[in-house]
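Reader: I have the sequence and the coordinates open. Before I use the terms in the annotation, I would like to know what each one rests on.

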Amino acid sequence: MVSGQDPIVELRNIVKRFGSVEALSGVSMAVRKGEVLGLLGDNGAGKSTLIKTLAGVYAPDQGEVIVKGEVRRPWTPAAARDAGVETVFQDRALAPQHSIVTNIFMGREITNAVGLLQVKKQIDEANRLMREIGFTSKVFNPESTVGTLSGGERQGVAIARALNNEADVIVLDEPTTALSLTETQKVFRFVEAVKASGRTVVFIGHNIYHVWDVADRFFVIDRGKEAFEGAKSAFAGAEHLIEMMHQLAETGRADTTTLLEETLEPPE
Ligand SMILES: Nc1ncnc2c1ncn2[C@@H]1O[C@H](COP(=O)(O)OP(=O)(O)OP(=O)(O)O)[C@@H](O)[C@H]1O
Ligand SMILES: [Mg+2]
C-alpha cells in the first residue's frame, strides 16, 4: 500500500466571513490518507476556523468540501461524521465527573434490542480502543473517572472516543497547548498509534518542534490564506520551517524557493 497520496477530504477555495471579518479568504487544503498533517499559523490566522469548516461546524460562504472525489453538499457536522471526520475541539471538554467508558460512548451507547445499556460490551470495547492507541497506564481502567486522569490521558480518551465513532480522519486542535512535556509525549504516542492504524490525523500545534516530530506534512496559513505547504522532506529540518514562518510573520511572505524537492514515501 502506498500511503500519503489519495486525498481523503479536500477543502477547495473556502471563504468564511464573520460579519466584516474574512477569517478564510479562499483556502484549499487536501488531507491525504494515512498522513499526519500539521496545520500551522499565527494566532488568528484562521486555523480553528478552517478545521471547524472541515468538521462541518461552519458552512463556508464560498467553496466546497470534497470527500473521496465527490462534492458533499450540504456539509454539516452529521455529513462530516458520516464521512469519517471526527474533531477533538480545543474548547469542547470531556465530562470529568464521568468514567472513561461513559465519555467514550457518550451519545453512542451500546444497547441491546430493548434499549438496555450493554455495560460489559462497552467496557471490553473501551479496553480495546485504549489498547489500540497505546493507553498503557496500569492505574486506570475504563471505569476510572476522567477527572483523575492527566491532561495527556484526557486527550487519549477524546481520541479513543473519536476512534469509537469510526473516524478515518481525526482532527486535533491544539491538543498539547496546556500540557507538560511528558503529557505532550503521551499525546504524540496516541497520534503515532492512530497513524499506524492507517488513519489520518490533522494536528494543530503552536510549538513547531512538537508538531515537527509528529507530522509528515505541513500546511501553513497566514491571515486567512495559504502561505505555503510541504512534506517534511521538503524542509532541511525544524529550523528551516521556523525560519520560513519568521519570514512570513515579518514580511508577509515566505521564500518557498528554499524548499527542497520532496521525496516520495516508498511503498510499504
Ligand atoms: N465566531 C467568530 N466570530 C467572529 N470572528 C471570529 C469568530 N471565529 C474566529 N473569528 C476571527 O477569525 C479570525 C481567525 O480566527 P481563528 O480562531 O480561526 O484563528 P486561529 O488560527 O485558530 O488562532 P489561535 O492560534 O489563536 O487559535 C480571527 O480574526 C478571529 O478573531
Ligand atoms: Mg485556534
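Predicted model: local features only at pLDDT ≥ 70, side-chain atom pairs only at ≥ 80, totals over all residues.

Reader: Which residues cover the two faces of E7?

Author: Val169, Val171 and Asp173 lie on one side, Ile170 and Leu172 on the other, and all are buried.

Reader: Why are E6 and E7 called paired strands?

Author: Pairing requires at least two bridges between the strands. Strand E6, residues 85-88, and E7 have four bridges, in the parallel sense, so they count as paired. Glu86 stands opposite Ile170 in E7.

Reader: How many bridges join E7 to E8?

Author: Five bridges join E7 to strand E8, residues 200-204, and the two run parallel. With at least two needed, they therefore pair as well. The bridge partner of Leu172 in E8 is Phe203.

Reader: What makes E7, H6 and E8 a right-handed unit?

Author: With the strands pointing away from the viewer, the path from the first strand over the helix to the second must run clockwise. E7, helix H6 (residues 181-196) and E8 make a β-α-β unit that is right-handed, so the path over H6 runs clockwise in that view.

Reader: Is E8 buried or exposed?

Author: E8 is mostly covered, since five of its five residues are buried. Thr200, Val202 and Ile204 on one side are buried, as are Val201 and Phe203 on the other. E8 also pairs with strand E3, residues 36-40, in the parallel sense over four bridges. There, Leu37 stands opposite Val202.

Reader: Why does Lys68 count as partly exposed?

Author: Lys68 has 14 C-beta neighbours inside 10 Å. Exposed means 12 or fewer and buried means 20 or more, so 14 falls in between. Lys68 is in the loop between strand E4 (62-67) and E5, and its phi is near 45 degrees, a positive value in a residue other than glycine.

Reader: What about Arg223?

Author: Arg223 has 16 C-beta neighbours inside 10 Å and therefore counts as partly exposed too. This residue lies in the loop between strand E9 (217-222) and strand E10 (225-231). Its phi is positive, about 45 degrees, although Arg223 is not a glycine.

Reader: What joins Arg73 and Pro74?

Author: A cis peptide bond, with omega about 0 degrees. Pro74 lies in the loop between strand E5 (70-71) and helix H2 (77-82).

Reader: Which elements give two or more residues to the shell around ligand 1?

Author: The shell includes Phe18, Val21, Gly41, Lys47, Ser48 and Thr49. Strand E2 (21-32) and helix H1 (47-54) are the elements that give two or more, and H1 has the largest share, three residues. By kind, the shell has four nonpolar residues, six polar and one charged.

Reader: How do you know that the protein is as compact as a globular protein of its length?

Author: The protein has eight helices and 10 strands. Its radius of gyration is 19 Å, close to the 18 Å from the globule rule for 268 residues, so the description holds. Buried residues make up 41% of the 268.

Key:
Residues numbered from 1 in each chain as written. Chains lettered and ligands numbered in written order. Near = placed C-beta within 6 Å. Nonpolar A, V, L, I, M, F, W, Y, C, P; charged D, E, K, R; others polar. Rg over C-alpha atoms; globule rule 2.2 N^0.38 Å.
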